[in-house]
Amino acid sequence: MRVVALAGGTGGAKLAEGLAAVLPPGDLTVIVNTGDDTERHGLLVMPDHDAVMYMLAGRFDFERGWGHVDETWTVMDGLAEYGEEAWFRLGDRDFATHIARSARIREGRAPTEVVRSLQEALGIATPILPMADAAVRTQVRTDEGWLDFQEYFVHLRQGPDVREVRFAGDLSPTPQVLDAVEAAEVIVIGPSNPIVSIGPILAGPIRALLEGRGTAGIPVVAVSPIVGGVALKGPADRMLVSLGHESSARGVARLYSGLATAFVLDTVDATQEPDVAALGLRTLVTDTIMADAAGRARLALAVLEFAGRP
Ligand code: FO1
């Protein structure tokens with residue numbers, strides 16, 4: 001079963017790891033958001049790509065919620081001593097990723113090809129495809145004006161209310177993304193922030209392609225990142241409200257209606273199932289909390305079994 005999973009931050013990365021654990025090698029392709037990407041100290045940092053890459057390599061730091069396990073911070077401390085900005089923390093192992101990636105891209109190679117070479121070096125069979133090869137930068141408007149995403153997310157600790165979101169850059173999908181979507185027999189939209197994690201992927205031409213696949217009978221299954229009205233990690237709940245949506249599984253389902261054909265909501269939100277079904281979506285109510293590797297595999301199997309059901 002050829003599966004394409006869309007992933008943004010931690011939730012989407014966890015489900016992608018679960019899918020990789022239960023599917024035969026080669027059956028899964030992950031498409032990641034690149035709107036969070038940022039230039040730090042002359043290097044390209046790709047947080048959502050790297051979350052998926054480290055997770056699939058068994059190297060993700062679940063305790064911190066980002067970055068590489070067993071990090072040391074020697075380079076960052078040295079940079080801070082020189083007076084370089086240090087609010088966006090890069091560990092030493094993580095620096096190696098950004099140095100190798102940036103050097104290879106500077107040689108003229110496409111980002112998709114470069115990150116695949118890093119994934120292969122870490123023993124990852126699953127292709128993790130950036131949604132686009134050209135730079136895309138998510139920007140959020142707060143009462144203070146427009147901010148780059150990481151300025152809002154890390155520097156301001158997601159404090160200000162978000163009034164508007166835009167994606168600057170060229171959202172054209174790569175040939176690899178087009179081929180993967182074309183070949184997919186199941187499409188999974190992971191439980192990541194629908195506005196700033198999945199939103200950038202869907203803001204470009206990919207959305208129409210996915211809609212076409214759904215219309216052609218391919219299951220497009222979205223998993224709610226909101227459980228009991230709150231986001232398990234990050235600002236999705238407050239962002240939904242400040243942008244005029246409802247912070248609930250139902251609110252997320254509304255955002256995906258017309259695109260998704262099926263929706264997975266947590267058992268604590270079971271009372272919302274009729275509202276989601278009324279949007280024309282098939283529904284699955286299940287435990288969506290992925291506390292550990294067994295939980296990630298369990299949800300992945302439940303989603304695949306649900307997708308395959310008529
Ligand atoms: N998140 C933080 O809260 N503080 C950081 O200093 C930080 C650094 C960082 C470095 C590399 C990387 O891949 C991710 C990093 N993150 C950090 C996480 C990142 O800002 C967000 O989790 C994602 O962009 C949201 O999906």
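A polar contact is a pair of N or O atoms within 3.5 Å; within protein, one must be able to donate a hydrogen and the other to accept it, and residues adjacent in sequence count only if both atoms are side-chain atoms. The side chain of Arg-296 makes one with the side chain of Glu-17, at 2.6 Å.

This is a predicted model, in which local features need pLDDT of at least 70 and side-chain atom pairs count only at pLDDT 80 or more, while totals for chains, interfaces and linings use all residues. Residues are numbered from 1 along each chain as its sequence is written, and side-chain values use heavy atoms, with hydrogens and water left out.

## Arg-296

Arg-296 lies in helix H13, residues 293-308. Helices (H or I, at least four residues) and strands (E, at least two) are DSSP runs, numbered from the N terminus. Arg-296 counts as buried because its relative accessibility is 8%. Buried means under 20% relative accessible area, exposed over 50%, and partly exposed in between (1.4 Å probe, protein chains only). Contact means heavy atoms within 4.5 Å. Not counting residues up to four places away in sequence, Arg-296 touches Lys-14, Glu-17, Gly-18, Phe-62 and Met-290.

## Pockets

Rolling a probe the size of a water molecule over the atoms shows where empty space is left. The search runs on a 1 Å grid over the protein atoms alone: a cavity is a set of points where a 1.4 Å probe fits but cannot get out, and a pocket is an open set with protein on both sides within 12 Å along at least five of seven lines. Lining residues have an atom within 4 Å of a point. Grid points are joined across faces, edges and corners, and a volume is the space filled by probe spheres set on the points.

The largest pocket holds about 920 Å³ of space. Its lining has 43 residues, of which Gly-9, Thr-10, Gly-65, Phe-153 and Lys-233 lie nearest the centre. Helix H1 (10-22), helix H2 (47-56) and helix H6 (149-155) each supply at least two lining residues. H2 gives the largest share, 5 residues. By class, this lining has 23 nonpolar, 13 polar and 7 charged residues. Ala, Val, Leu, Ile, Met, Phe, Trp, Tyr, Cys and Pro count as nonpolar, Asp, Glu, Lys and Arg as charged, and the others, Gly among them, as polar.

The second largest pocket has a volume of about 200 Å³. Among its lining residues are Val-165, Phe-167, Leu-202, Arg-207 and Tyr-256. Strand E8 (164-169), helix H8 (199-203) and helix H11 (249-256) give two or more residues each to this lining. H8 provides the largest share, 3 residues. The classes here are 8 nonpolar, 1 polar and 1 charged.

## Salt bridges

Side chains of opposite charge can pair when their charged atoms come close. A salt bridge is a side-chain nitrogen of Lys or Arg within 4 Å of a carboxyl oxygen of Asp or Glu. By this rule the count is 15. The table gives some of them.

| Salt bridge | N to O distance |
|---|---|
| Arg-116 and Glu-120 | 3.6 Å |
| Asp-161 and Arg-163 | 3.7 Å |
| Glu-246 and Arg-250 | 2.8 Å |

Arg-116 and Glu-120 are separated by about one helical turn, because they sit 4 residues apart in helix H5 (residues 111-121). Arg-116 is buried, at 18% relative accessible area. Asp-161 is partly exposed at 36%, and Arg-163 is partly exposed at 34%. Glu-246 is partly exposed at 30%. Glu-246, Arg-250, Arg-254 and Asp-275 are linked in a network of salt bridges.

## Prolines and positive phi

Pro-47 is found in helix H2 and is partly exposed, at 22%. Leaving aside neighbours within four places in sequence, Pro-47 is in contact with Asp-36, Asp-37, Phe-88 and Gln-150. Pro-47 and Gly-8 are 39 residues apart in sequence, with 8.9 Å from C-alpha to C-alpha.

Pro-274 belongs to helix H12, residues 273-277. Pro-274 is exposed, at 52%. From Pro-274 to Arg-250 is 24 residues in sequence and 9.5 Å in space, C-alpha to C-alpha.

His-41 is not a glycine, yet has a positive phi of about 55 degrees. His-41 sits in the loop between strand E3 (38-40) and strand E4 (43-45), and is partly exposed at 27%. Arg-157, also not a glycine, has a positive phi of about 50 degrees. Arg-157 lies in the loop between H6 and E8 and counts as exposed, at 70%.
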